[in-house]
Structure formats: structure tokens, C-alpha cells
Amino acid sequence: MARVVAGLATSHVPAIGAAMDLGKTKESYWKPLFDGYEPARKWLADLNPDVIIMVYNDHGSAFSLEVIPTFAIGVAEKFLPADEGWGPRPVPAVHGHPGLAWHLAESLILNEFDMTIVNEMTVDHGLTVPLSIACGEQKNWPCPVIPLSVNVVQYPPPTGKRCFDLGRAIRKSVKTYDKDLKVVVFGTGGMSHQLHGERAGLINSEFDKNFLADLTRNPQRLIELPHIEYVREAGAEGIEMVMWLVMRGALDENAVEIYQHYHVPASNTATGLMILENQPLTV
Amino acid sequence: MSEFEDIPGTYLFDKDRCHDGYQFNMFCMSLVKPKNRQAFRSDEASYMDKWPLTESQRRSVLERDWLGMIKAGGNIYYTSKIAATDGRSFQFVAAAMSGVPEEEYRSMMMAGGRPVEGNRSKRETD
């Protein structure tokens, strides 16, 4: 049987991808951030998962305002990096896992999460930057990736509770897949940042640190956090953090924190990374 | 006034902004194709004629008034495609919207970013 063994949450700032693509990671501006990624890269390589379920958001790439799915799952064999206006990132194509992805789509819908099923889509920095952060520079990504996109661009995004419950449904659905797979769920976006308006550049480290602290042991507080709190306290675009709650919901209640890293700034953003692992199965 | 409108310097992309900005954002979206970026660069005004834009939307693009684009219904993830076409970063656009030179904005970010104190409510800033 397949099983969610761990979760990784991380920011997906496009400038982090650009810093890697342009070879700037050793520069003094970027070095402290990338140094903090090393333990996470080693952890993921050692764990060697069979599949990553990537909970992320599209930024007007695969989807536009024409159609705005709240939750969508990519079931294709392959997803190419999107051109977001700068040309596509020079990173490998992402290979999907149609078997598990279709199983998830069916199972989630029958569990009352009405997913949009996507056969063709490109993937933008929201998906490729977390892969770059967690895997480093690669000729091929180390395992198949199932894109699961969440609308956080058009108000309203799904509530924190809905995101957490989706995570729980993902955990349950993965368990009913009949192949023996180690699955890691990524939650991406955040942390505090605002990209638009006169308030651009807002950072709230206190909010972020409390979020990191409560994600493992007190997710209930975060589940109940209304959208206005994210927007006011963590910046309009900080609302992306609801996607971390999908990851948290996909892990067991007693999951343990393995690693965290927090750094300000990456371009306009406070960046965070957290790794949670489920306890080993007791026989 | 909605509780979101009470937050200073913030233009939540809600139903009204999506409605008013739909054509404008779809024009921005077209710039993800290299041939469209080229056509836009060679004649911005005629390129924009393909969309029924308002005068303020057109003007904000031609003048690269980044805050004006947001006020006219633009969404940052869409207007950033104009910035990308210009070879500009999110940080450049953010600095422009907050009305300071990019170097000053970058220093503010290096020093921990714009503080939330004093920026939660218009009642604090007015």
C-alpha cells in the first residue's frame, strides 16, 4: 500500500529559482538562504521518495482568469516548465504519476472534494522552485511529481480548514492505492509577503515564527485563522500559507518536526522551510 | 467599507477587481508567448487595441505606472508579465509601487522588510 511518510513546506519565490538558474547562490545576498537548504536536500535524497504530491499555486500560467479552479490535479505523464514572461526556467520537465494521480482524483471526488482534472498543463515557479529548493540542480528530477494546484490568486482562496481537510483526504486516498509507494507531500508558498500596492515589502517575522511553531503541534489555531488575518498580518500574498495546511493535514496528528529554516529576505519575501515526518508504523 | 479595504496600500483581488480588470489581465496574460512580447514591444499602443481596455488601463501600461495598473484592476501576477517583458524583476515593480528607489527598497528588505506596525489599518495611517 502507498503511504504518506513525510511533508515538506517551503516558500516558492521566483527569485530563488532565478538565483540558481543564474549561478548566484554563493553571493552574500543568497548564501545564508541556500546554506539553510542543504540539510533539507540531504534529507530528501536520503529518504528517496517514490512520488511527490506538490501542493502549489499557479500564477497565471497553466490557468488564467478565464477558468479559476479552486483545486486541480494534474494527471499527465509530463508537465513542461511555463514561460512566465522571462522564458521558461532552464529546469527539467516534470514527470507525473498518472496511476496515483488518477486514483487521487477519483478517490478525492468520491470523498466530496470536487477536484478539477487536468490532462494538459504547464507548471510555473510555484511548482519548479520548491523542486529546485528541495532537490538542487538536477538533470532529471529524482521522482515523479503530481501537481495539485490551489487557487490563492483570486479572492477567496479555500479556507484553512478546507485545505487541512483536503490534506486528510489525500492521506486517506494514498493509503487505498494498491502499489507500495513512499509519498512526500509538499505545501508551498509564503511566508509573509506583499507584492503589490504601497504596502509592498511587508514582512511579519513574528507571525511567521508563530505559524512555524504551531504547524506541528497546534495546527488547530492555524486552521481557524480567517483570511483577513493572513492579509492584514502576513501581507496580501502571504495568504498562500493556507497551502501549508494541506501538507499538515496529509501528515499524522503526531508527526514530528525534523527541520526548519527561516530567512528574510528573498526579494520581497520572508522564506520558510519546514520538514515533518510521520512516526514509523508500529507493528 | 469591507474589512479588507481598511488595510492600507492593499488592493485585494476580489470579485470587483476581477470583473473590472478581466480584459486587462488577459492582455497581460498574452505576454507569456514570445511572439506576443515581440509584437507588444514593437508597437505597444496598437498591440493593446486587440483588447477593450479602459483609458486608465492603457495609460498605466504606456507610462509604466505600476501602481496605476493595480488600481485599474490589474493583478500583480498578471502585470508582472509586463515587467518580465521589460526584463524587470518583482522587486523593481514593488519598489515602484511603494514609491521609493529600488536601492532604498532593497535596503528596507535587507533590514527585515516593511514593518506591520502602523500598516494594519487605515485608522493607523490616516
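Predicted model: local features only at pLDDT ≥ 70, side-chain atom pairs only at ≥ 80, totals over all residues.

**Salt bridges and the A–B contact**

I started with a network: Glu44(B), Arg64(B) and Asp86(B) are linked by salt bridges (a side-chain nitrogen of Lys or Arg within 4 Å of a carboxyl oxygen of Asp or Glu). Over all chains, I get 17 salt bridges.

Residues are numbered from 1 along each chain as its sequence is written, chains are lettered from A and ligands numbered from 1 in the order in which they are written, and side-chain values use heavy atoms, with hydrogens and water left out.

Next I checked a pair inside chain B. Arg17(B) and Glu5(B) form a salt bridge, with 3.4 Å between the closest N and O atoms. Arg17(B) sits in helix 1 (residues 15-29) of chain B and Glu5(B) in the segment before that helix, so the pair ties together parts 12 residues apart in sequence. (Helices, H or I of at least four residues, and strands, E of at least two, are DSSP runs numbered from the N terminus.)

Then I asked: how many salt bridges cross the interface of chain A and chain B? The rule finds 2.

- Arg37(B) meets Asp83(A) at 2.9 Å, N to O. The pair runs from helix 2 (residues 34-42) of chain B to the loop between strand 4 (78-79) and strand 5 (94-95) of chain A. Arg37(B) is buried at 7% relative accessibility, and Asp83(A) is buried at 15% (buried means under 20% relative accessible area, exposed over 50%, partly exposed in between; 1.4 Å probe, protein chains only).
- Arg120(B) meets Glu233(A) at 2.7 Å, N to O. Here the pair runs from the loop between helix 8 (102-110) and helix 9 (122-125) of chain B to helix 9 of chain A. Arg120(B) is partly exposed at 25%, whereas Glu233(A) is buried at 12%.

Last, I looked at the whole interface. The contact (heavy atoms within 4.5 Å) takes 42 residues from chain A and 49 residues from chain B. The buried area is about 4,000 Å², with 61% from carbon and sulfur atoms (accessible area, 1.4 Å probe, that two parts lose on being put together, summed over both). In chain A, Leu65(A), Trp86(A) and Glu198(A) lose the most area to chain B, together 16% of what that side buries.
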